Structures are given as C-alpha cells and as structure tokens.
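Trainee: I am new to this structure and would like to go through it step by step. Could we look at it together?

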Amino acid sequence: MSFVAILASTLLALCPANAGSITLFQESSGLKGDFGNSQHFSAVLSDHLVMNSLPMGSGRHVLPSTTKLRAEPPKSSYSVKMPLGKPQTKLVLPKIYGPKNQNRPLVVIDAGHGGHDPGTVSPHGGLYEKNIVLEIAKAVRDELVSNGRIRIALTREGDNYLFLEERYGIARRLNADLFISIHADAAGNPLASGATVYTLSEVASDREAAKLAARENRGNIINGVNLGEANREVSSILIDLTQRETMAKSADFAKLLIREGERMIKFRTNPHRFASLVVLKAPDTPSVLFESGYLTNEEDVALLGSQTGRSKVAIGIANAIEAHFARKATKH
C-alpha cells in the first residue's frame, strides 16, 4: 500500500464514525475539500503532492509545514462516567478479629474485586464474583473466630475497591503470618469446574526481586533486614532469598489447603497452579490465591450461590488454616 493510501486510511480511521468525512486545507496552495472515503482522499492528495514536487515512491514523505489535517467535529457526542470514590491519602488498616493475644497467628483474607470492579459476572443468574467471594471471606472469618485460636482480618468488609498492592500491603503492615486472596474463576468452556490454588511462579520471583530493590524506599525492612544498609545488588539478593523462602511456605500451604479442603471443596484436576499474580508478590508473607470455582459452570454457580455451598468452602479453608498453624506450632 502506498504512503498516501496509508495516510488516507489512517486519517479516516481516526475520524469519528458519525463525522462522515475529512476536511483538509492548506492555506498556501488552496488545497481544500471534504472527502468521504480513503480512495477519494488518496487521489486528491496524490495529485497535490505531485504538483508540489513531493516524491510519491518508496521512502520518507514529509508534507509542507503549512499543511493542516483536521477532522470535522462529530454532530453528537456522549460520555461515560464511573464513580471511583475519593482517593485515600492513607490506607486504613482493618479490624483484627479473634483472640487478643498478639502471639496468636494472624491470617489476612482478601475478598477479590469490589466497588466498581464486579469481577466475573456469571451467565447463570448474573451473580457477581465480588459479592460471592466477600461472603466466603466473611464465612472463613466467622469459622476461625468461633474456634478461637487464630486472629483474622479482612482486607474489605463492604463493597469497596482496593488496588492489588494495597491488598497484600495490608497483610505486610499487619505482619500477617498468612495471606489468602479469594476469587471465583471463569472459562470459555462451560464444563470447566472446581477450585484452584495459585502460588507465585519462580520466574516472577526473580523479576520482582530486582524491581522491588530498585523502587522501594531504602528504609524498607523485610524480615528484619534493613535494605537501607545494603547496596542495590545485595538488596536484590536479600529480597530474592526472602521471597524464595516465602514461596516455599506458600507452596506448602497450597498443598495443605488441597489436602485438608478436599473433604469439603471440589477441586479441579491438578489444582495447584503457578502464576505471576500481583496480589501474591509480598516478599515476606506466605500467600495463595484461591479460585473457589467457575461462575461459568452451572454446578459451581449453584454451589457458590448458596449459603450452604459457601459454608462448605469456608470450612475447608478454615480447616486448612488451623492445620497449617498447628503444624507450625509442633515444629517450634
């Protein structure tokens, strides 16, 4: 395709659909006209370039500096508005439920999405992922509180939105011993069903270690190591070692969640998966993302859409959390 044809097509593509034509004018030469299609515009522009001795072959083409290209304003317009809420200058840490003893382990449960972000919207009844996962998170909290051995906090308790970094940032600021982000999956295949547990991939760990060392405040402390006292290369190594240990702990909990939870939760085949998910990138907090099922599958929707079904999922998660910290206690 020639330069002129490409230019013509590009200008018309950029023009609003209801503008109908392109207006081109050049004050010095008197080139002016309305063009309804690229062929017409291309032909006229080609003639103009030839008359002004501009090359039409291959290579670089430059219009005279006086040439102005302008699209007619649309005859009608519309706008889309989405309320995002007022930005928070300081993130408010959530309430911690359970025992008052600060030595008891703390788990942070993150209900994915929220606010203007509904997550997956099920084609079977229109259920919103953000609502289902919040109910599961609250049910996990209630189950753990009733047992009285684990402290627990929720990243959100209402229909509000948090950035991904804020979600795991809450866990880090609370010095949480475990972080679980709860979601509900979707797939093009309506037969896909069952829960999945994700942990951070090895590739993401190496890349994130370097980025974190470069951008974080030099006074940042990870696992008691003050990165301000080390140079960039050493900082990267320290974070990498810390995150590798954290990843191993995350993978151990993922396996435990599947083993302890399978009595209450239906898992998919090979349920432990690895992914470069932002919400899992806290370098010093063991973290997993739990996909509770597929909102594109009718059976999973029936399960997650009922209080009984969500209660089963919550009990399975709570049992795994209890087993995780009980096993840690016996090692010490």
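Mentor: What follows is a set of questions and answers on strands, a helix and aromatic rings. This is a predicted model, in which local features need pLDDT of at least 70 and side-chain atom pairs count only at pLDDT 80 or more, while totals for chains, interfaces and linings use all residues. Residues are numbered from 1 along each chain as its sequence is written, and side-chain values use heavy atoms, with hydrogens and water left out.

Trainee: Which residue in β6 is the bridge partner of I109?

Mentor: Two strands pair if DSSP finds at least two bridges between them. β5 and β6 (residues 151–154) run parallel and are joined by four bridges. The partner of I109 in β6 is L154.

Trainee: Which residue in β7 is the bridge partner of V107?

Mentor: β5 also runs parallel to β7 (residues 178–185), with five bridges joining the two. In β7, V107 has as its bridge partner L178.

Trainee: What span does helix α3 reach from its first C-alpha to its last?

Mentor: The expected span of a helix is 1.5 Å times one less than its number of residues. Helix α3 covers residues 129–147, which makes 19 residues, and its reach is close to the expected 27 Å. Its buried residues include I132, V133 and R141.

Trainee: Over the ring of which residue does the charged end of R141 sit?

Mentor: A charge sits over a ring if NZ of Lys or CZ of Arg is within 6 Å of the ring centre and within 35 degrees of the ring normal. The charged end of R141 is 4.9 Å from the centre of the ring of Y97.

Trainee: How many aromatic pairs does a search of the whole structure find?

Mentor: Rings of Phe, Tyr and Trp (its six-membered ring) pair if their centres lie within 6.5 Å, with planes under 30 degrees apart counted as stacked, over 60 as edge-to-face and the rest as tilted. The search of the whole structure finds two. In one of them, Y161 and F163 have ring centres 5.6 Å apart and planes at 80°, so this pair is edge-to-face. F267 and F290 also form a pair, with 6.4 Å centre to centre, and its type is edge-to-face.

Key. Buried < 20%, exposed > 50% of the residue type's maximum accessible area, 1.4 Å probe, protein only.
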